Amino acid sequence: MALTIGIIGLPQSGKTTLFNALTKADAPIGGYATSTVQANLAVVPVPDPRLQPLADIFKPRKVTPTTVEFVDVAGMGQAASAGKEKREGLSAEFLGHIRNADALAIVLRTFANENVPHIYGSIDPERDLDSLNAELAVTDLATVEKRLERTSRAAKSGDKKYQPEIDLLRRLQETLNELKMASELEFSQQDQAVLGELFLLTMKPRMYVLNVSEDVLGDANELLAKIREGGDVQVESLEGELKGIARIAQRAKAEGAEVVAVSARLEAELAELSEEEAHEYLEALGLPQLGADRVIQVGYRLLNLITFLTAGEDEVRAWTVTKGAKAPEAAGKIHSDIERGFIRAEVTHFDDFMASGSFAAASKKGLQRLEGKEYVIKDGDIAHFRFNVGK
Ligand SMILES: Nc1nc2c(ncn2[C@@H]2O[C@H](COP(=O)(O)OP(=O)(O)OP(=O)(O)O)[C@@H](O)[C@H]2O)c(=O)[nH]1
Ligand SMILES: [Mg+2]
């Protein structure tokens, strides 16, 4: 089962442009006439700086990164712009695409472009975020109320076992009614089962993708870093686009959400170039990395995933497991037989391997370990599994 990141945002905020940059695909963009109607879906390789150095050493026939899935849907905001009283939340079709997403990438526009009208007539990412949040909350509220109705009916039998669920649903109802995010609440272990069935949009881990003008990209990145590190930023004294960017960054910090600044249009242009050309271009702009790569890496982190590696002359490959997974489960990602017949894992961490230069050298230094069934895989472990099947 692929884990999916849903790209959402107001209409014409640059979602499809970003999607194209992430996936190097060619989904139609631009102008309401080509607004996304059907969802765009793509599996995207996760850039991992550990693969190339391993490939240089092993010279394998194949290098295989791990992947995540992105889905790009139509713009939200229709319900919100219909006026407060008439809010109905998201359409069933839209919801169908986004309900099963494991995390959200929320695109907020700060770029100015006279040819691209904003549905609210001006650039204000904080207002846009409030509007998106309201729409998500209203959608969740409908989900919660439907469930509350059902559970209340069942509880009429007098069975006390429904009470904790009803209490939870009422708490959610109250919060969502105030257009607050369900993720702000605290939940007990017992609540998790019901929450797992509700697929609430306002519970999903999220990142903010600020779609900024090309000419503020450098400043925006500096500002985000400063705010992330807790530096003193006088938001009110900032000019124009940077003010909105700083406000979102501060909110993200308060929420513990991730925030990335990109120019979707520039990224889409760079995606057309060869990797080498793109990196030369980035260097000329003084940017450390493709914004699209950052979005993918941060999205991957949001999903609570870690990467382990396998390395040999045949293939150097990155694999995904959930944080906390034990060695046999990791083995099962490669093949169910290896999980079934799991004996031991030979594990060398990437850093130790690179410091040693080979498995043999790492082993001599005692940096290669034999681990059993209870070993919890760490990000960057290079694993070789010993297994035995058929007996
Ligand atoms: N100047 C500038 N224009 C951009 C940028 N990103 C997107 N645009 C333009 O904005 C318009 C809308 O972009 P899309 O990617 O189609 O937006 P969307 O969010 O997918 O729109 P819907 O599918 O209608 O919700 C296009 O004309 C893009 O070229 C950017 O970073 N800078
Ligand atoms: Mg679109």
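## Domains and helix pairs: worked exercises

The C-alpha centres of domain 1 and domain 2 lie 34 Å apart, with bounds taken from an automatic or database domain assignment. This is a predicted model, where local features need pLDDT of at least 70, side-chain atom pairs count only at pLDDT 80 or more, and totals for chains, interfaces and linings use all residues. Residues are numbered from 1 along each chain as its sequence is written, and side-chain values use heavy atoms, leaving out hydrogens and water.

**Exercise 1.** Work out what domain 1 and domain 2 bury between them.

*Step 1.* Start with the bounds: the assignment gives domain 1 as 4–124 + 202–302 and domain 2 as 324–387.

*Step 2.* Now pick out the contact (heavy atoms within 4.5 Å). Domain 1 puts in 5 residues and domain 2 puts in 8 residues.

*Step 3.* Next comes the buried area, meaning the accessible area (1.4 Å probe) that two parts lose on being put together, summed over both. Here that's about 570 Å², with 82% from carbon and sulfur atoms.

*Step 4.* On the domain 1 side, Arg50, Leu54 and Ile57 supply 72% of the area buried against domain 2, more than any other three residues.

**Exercise 2.** Describe how helix 6 meets helix 7.

*Step 1.* Find the helices, which are DSSP runs (H or I, at least four residues) numbered from the N terminus: helix 6 is residues 163–177 and helix 7 is residues 191–198.

*Step 2.* Check the axes, which are lines fitted to C-alpha atoms over the stretch in contact, with angles from 0 to 180 degrees between N-to-C directions. They come within 10 Å and cross at roughly 55°.

*Step 3.* That angle makes helix 6 oblique to helix 7, oblique being whatever is left after under 35 degrees (roughly parallel), over 145 (roughly antiparallel) and 65 to 115 (roughly perpendicular).

*Step 4.* List the residues: Glu165, Leu168, Leu169, Arg171 and Leu172 of helix 6 touch Asp191, Val194, Leu195 and Leu198 of helix 7.

Conventions. Chains are lettered from A and ligands numbered from 1 in the order in which they are written. Helices (H or I, at least four residues) and strands (E, at least two) are DSSP runs, numbered from the N terminus.
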